[in-house]
Amino acid sequence: MVDAKAIKDKVSKKISSTRSKVSSHLTAHKHCRMCGIHIDVKSDPRICKEVTCVEKLEKQEKNDKMMRIMFFVFFAAIVAPIALQLLGFGA
Ligand SMILES: [Zn+2]
């Protein structure tokens, strides 16, 4: 006969050990977003103090801003006229 309780205990032990492994890994430290080295958990933005990483982050943020602007331009130039036409303003 299979001992169901023993199996349950085994499984729950396995799950809890896996969970504690994951959470301890998550809370232990952070990595620099650019070069991946360990950094202080409280670092904000999430990069180390290397000039190259700071510059990279600045470039990335500029790119993100540009992408957002492009999206709004695209929206205004293409989607808005169609929407207005659909609503009867373009005729
Ligand atoms: Zn770095």
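**Figure 1. Helix H2 in the predicted model, seen along its length from end to end.** At 1.5 Å a residue, the 36 residues of H2 should span 52 Å, and the C-alpha atoms at its ends lie 51 Å apart, so the two values agree. Of its 36 residues, 1 is buried, so H2 lies largely in the open. A residue needs 20 or more other C-beta atoms within 10 Å of its own to count as buried. Among the elements of the chain, H2 has the highest mean pLDDT, 94.

**Figure 2. The bend in H2 and the residue that follows the helix.** H2 bends by about 35° at Val79. Just after H2, Gly88 has a positive phi of about 95°.

**Figure 3. The whole chain, for orientation.** The chain holds 2 helices and 2 strands, and from the N terminus on these run α-β-β-α. Buried residues account for 2% of the 91 residues. Among contacts between residues at least 6 apart in sequence, 3% join residues at least 24 apart. The average pLDDT of the chain is 85, and 85% of the residues score at least 70. Helix H1 has the lowest mean pLDDT among the elements, 71. Where pLDDT is low, the predicted coordinates should not be read in detail.

**Figure 4. His29 and its contacts.** His29 sits in the loop between helix H1 (4-28) and strand S1 (30-31). It counts as exposed because 12 C-beta neighbours lie inside 10 Å, and a residue with 12 or fewer is classed that way. Leaving aside neighbours within four places in sequence, His29 is in contact with His38 and Val41. His29 and Val41 are 12 residues apart in sequence, and their C-alpha atoms are 5.3 Å apart in space.

**Figure 5. Arg33 in the loop between S1 and S2.** Arg33 has 16 other C-beta atoms within 10 Å, so this residue is partly exposed. With neighbours within four places in sequence left aside, the contacts of Arg33 are Arg46, Ile47 and Leu57. Another pair to view here is Arg33 and Cys48: these residues are 15 apart along the chain, with 8.2 Å between their C-alpha atoms.

**Figure 6. The cis peptide bond from Asp44 to Pro45.** Omega for this bond is near 5°.

Conventions
Residues are numbered from 1 along each chain as its sequence is written. This is a predicted model: local features need pLDDT of at least 70, side-chain atom pairs count only at pLDDT 80 or more; totals for chains, interfaces and linings use all residues. Helices (H or I, at least four residues) and strands (E, at least two) are DSSP runs, numbered from the N terminus. Two residues are in contact if their C-beta atoms, placed from the backbone, lie within 7 Å. pLDDT is the predictor's confidence in each residue, from 0 to 100. The expected span of a helix is 1.5 Å times one less than its number of residues. The bend at a residue is the angle between axes fitted to the seven residues ending there and the seven starting there.
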